[in-house]
2 protein chains.
Amino acid sequence: LRGLLERNGLSAAYISSATSFKYFVGYSYLATERPAALIVSAGGDVFFFGPVMERDHLFTQTQLVSQVFTYRDYPGDKHPMRLFAEWLRQLRLTNTRVGVDSASFYSSAWGYRGISLSELEPSIKFTAIGEELYSMRLVKSINEQELIRESVKWGAVGHRLLEKYTQPGLYDFEVAAKASLEASLEMKRTLGYGYKAKNWSMTPVHAGFRGQVGEHSAYPHSISIESPIQKGDVLGTGASADVDGYHSELERNLFVGKPSEKCIRYHGLMLKMQDVALAAIRPKGKCSDADKAVDGFARENGLNEYVLHHTGHAMGLEGHEAPFFDLGDNTQIEPGMVFSVEPGLYIPGLGGFRHSDTVLIKEDSVEILTKYPRDTDSLILS
Amino acid sequence: LRGLLERNGLSAAYISSATSFKYFVGYSYLATERPAALIVSAGGDVFFFGPVMERDHLFTQTQLVSQVFTYRDYPGDKHPMRLFAEWLRQLRLTNTRVGVDSASFYSSAWGYRGISLSELEPSIKFTAIGEELYSMRLVKSINEQELIRESVKWGAVGHRLLEKYTQPGLYDFEVAAKASLEASLEMKRTLGYGYKAKNWSMTPVHAGFRGQVGEHSAYPHSISIESPIQKGDVLGTGASADVDGYHSELERNLFVGKPSEKCIRYHGLMLKMQDVALAAIRPKGKCSDADKAVDGFARENGLNEYVLHHTGHAMGLEGHEAPFFDLGDNTQIEPGMVFSVEPGLYIPGLGGFRHSDTVLIKEDSVEILTKYPRDTDSLILS
């Protein structure tokens, strides 16, 4: 980040994305109506502007911030952005160029209404560096890779428990909560006190179905379902774990009892389609390659109408990240990138067939991090 | 919404906020890298622009959309916004004025990069109506009030179970997952097949502590904690339920065994402070009144340094909504508004003392929806 500031002749960066707080200083901020910003000076000083409720909380998570400036709350007697402008002056940033990640200086859907810092302090020349900051996250460091590997491990534990607890008559959230809790306890007991979740979810491991049950599994982003799991259902799963804010993806189909011939056929075709995708991914290749290969396979096999989304996405601190395994994304694939590979077939009235595996791009190869059974027989619950 | 269009001479509204999808047509869209929009014409036709994965899924949730326009995926061979521009032309909206809720036409943190529709289709005069759309949500209809009441009911069931399952040696997420699951099953079995969660969370009822355990309860937005619950801890709770996307707030302190004199004193002071807040809220009063009363009480009692946030916020489809019970928010309180009332005292090294109750503003009074024990004795776990 300091290199970026230097190259661009910037005196500081003004960063307002909570994901970036995690990325740059390891601080998990619950973004609400309360604006917050991380100011990183070219000299390497790090300041936090935010609500007083975070004054002490921040230091339980990071030692990288040297000073905290706080306001009581939003909107306050004085709008926090007016204080932010004053603090920027105190930091002697007037008449300099400051990089900024967002033109709105803070954005949250929770009722915040902004005032522009460029209007409040016109002597500072704010320069957009959002794209540059984002691009720093694309290639994962060895440390980040290790966190994602750890996430994969506990996602798999959660998935095993999904298999164990799934049975007809149970609601999908029931199986999910049981499996997620048991896997989370195992994780917490194994990793010990040093481990602490960074995201605000109920359990550190999250394994479940999210409504992808029976016919509803034909909706890739099904939200929930009214009725319990039934014998004969095809299920769509997902399992991951929060490791220092990083996550991974492991998704499978599960079959509640012997699947129909039709299910077996589509599941087999999906597996082939995923093989086709995996074979098309290579370091220094293009992101679009995998999706083109999938698209070709689907067309050759008359499956094109059942393909409802692209082949995968990068991941790390956010659920989905750019770049995408998508027909139109020609970003070059670099060693250190981490992607989901998850082409799917969605058959109306029958169900959705999709596995998601997490892969790490290496210098000369692609490593599948999620080593979990994927053949049809292994996924039939008796 | 149609009235708003008519008053402003707009031919249609272009709405890209997923919260607004829920609000206007009851459709829960998982916002990712994939841009989506709801187009509502002055004549009352409703169109959806979005990814093909939602084509059928949308109709499982809403009957209010008359036509769906879909693209394969983002970024695609052609950026979806270029297709959106074409579809707006097909809908004969060229050379008209269209209201728009967001200057970016879609925003998601998940790797989306936008192109501006105003540049793609300069003949359409896009007019900001985000504030007007937001303000429609401030006063809750009778139906919305009923959904929030239902949420309160199941939040309380979850909270009872938190009390039942809390004991020293357990991790906070362990108690949370057990209580949330059991309350969710009770809710689902009681409400039957017609009930379906609208938000993407593991269980419909969510009851837990979110790391507000012992000393860590002194951080109002604690994310998680490393160690299990211990005897003597003061705990901060939260319980709610997703009812058609609407939620409520019930927060209490729980004491793991007999609390210290200090804890009893601060808890008592917080209860008085909440009484002071409640007494200051009245229909047609100002939102700032409650926070000013709390601020006055805190100063009189030498507690000001322990107040780390304002007194409350409105709620509905989002966790927090405007307006706020805040010193600087002079919005007039209207019948039908729903707020949290939650002044807190946070004592470093000891813990946080805060209850949150959900109140409904009526014509001549304020109804506390969360009728749940609040005195110190009732909250001591033996």
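## Charges over rings

In this predicted model, the charged end of Arg113(B) sits over the ring of Tyr134(A), at 4.3 Å from the ring's centre.

## The interface between the chains

How many residues does the contact take from chain A and from chain B? Chain A gives 75 residues and chain B gives 75 residues. The size of an interface is often given as the accessible area lost when the parts come together. Here chain A and chain B bury about 7,000 Å² between them, and 63% of that area is on carbon and sulfur atoms. Of the area that chain A buries against chain B, 12% is supplied by Arg72(A), Met202(A) and Ile223(A), more than any other three residues supply.

## Polar links across the interface

Four salt bridges are found across the interface of chain A and chain B. Arg72(A) forms a salt bridge with Asp291(B), and the closest N and O atoms of the two are 2.7 Å apart. Counting residue pairs in polar contact between chain A and chain B, with both residues at pLDDT 80 or more, gives 18.

Several elements of chain A give two or more residues to the side that touches chain B: α5 (130-136), α7 (172-191), α9 (287-300) and β12 (321-325). The largest share of that side, 11 residues, comes from α7(A).

## Aromatic pairs

Over all chains, the count of aromatic pairs comes to 46. One of the pairs joins Tyr266(B) and Tyr306(B), whose ring centres are 5.9 Å apart. Why is this pair edge-to-face? The planes of the two rings stand at 80 degrees, and planes over 60 degrees apart count as edge-to-face.

The pair links distant parts of chain B, as its residues are 40 apart. Tyr266(B) belongs to helix α8 (residues 261-280), whereas Tyr306(B) is in the loop between α9 (288-300) and β11 (312-314). Are these two residues buried or exposed? Tyr266(B) has a relative accessible area of 7% and is therefore buried, since the cut-off for buried is under 20%. Tyr306(B), with a relative accessible area of 16%, is buried by that cut-off too.

In chain A, ring pairs link a set of residues into a cluster. The cluster is made up of Phe47(A), Phe49(A), Phe69(A), Tyr71(A), Phe84(A) and Trp87(A).

Methods:
Residues numbered from 1 in each chain as written. Chains lettered and ligands numbered in written order. Predicted model: local features only at pLDDT ≥ 70, side-chain atom pairs only at ≥ 80, totals over all residues. Heavy atoms only, no water. Phe/Tyr/Trp six-rings, centres within 6.5 Å; stacked < 30°, edge-to-face > 60°. Helix = DSSP H or I, 4+ residues; strand = E, 2+ residues; numbered from the N terminus. Buried < 20%, exposed > 50% of the residue type's maximum accessible area, 1.4 Å probe, protein only. Lys NZ or Arg CZ within 6 Å of the ring centre and 35° of its normal. Contact = heavy atoms within 4.5 Å. Buried area = accessible area lost by both parts, 1.4 Å probe. Salt bridge = Lys/Arg side-chain N within 4 Å of Asp/Glu carboxyl O. Polar contact = N/O pair within 3.5 Å; in protein donor to acceptor, adjacent residues only side chain to side chain.
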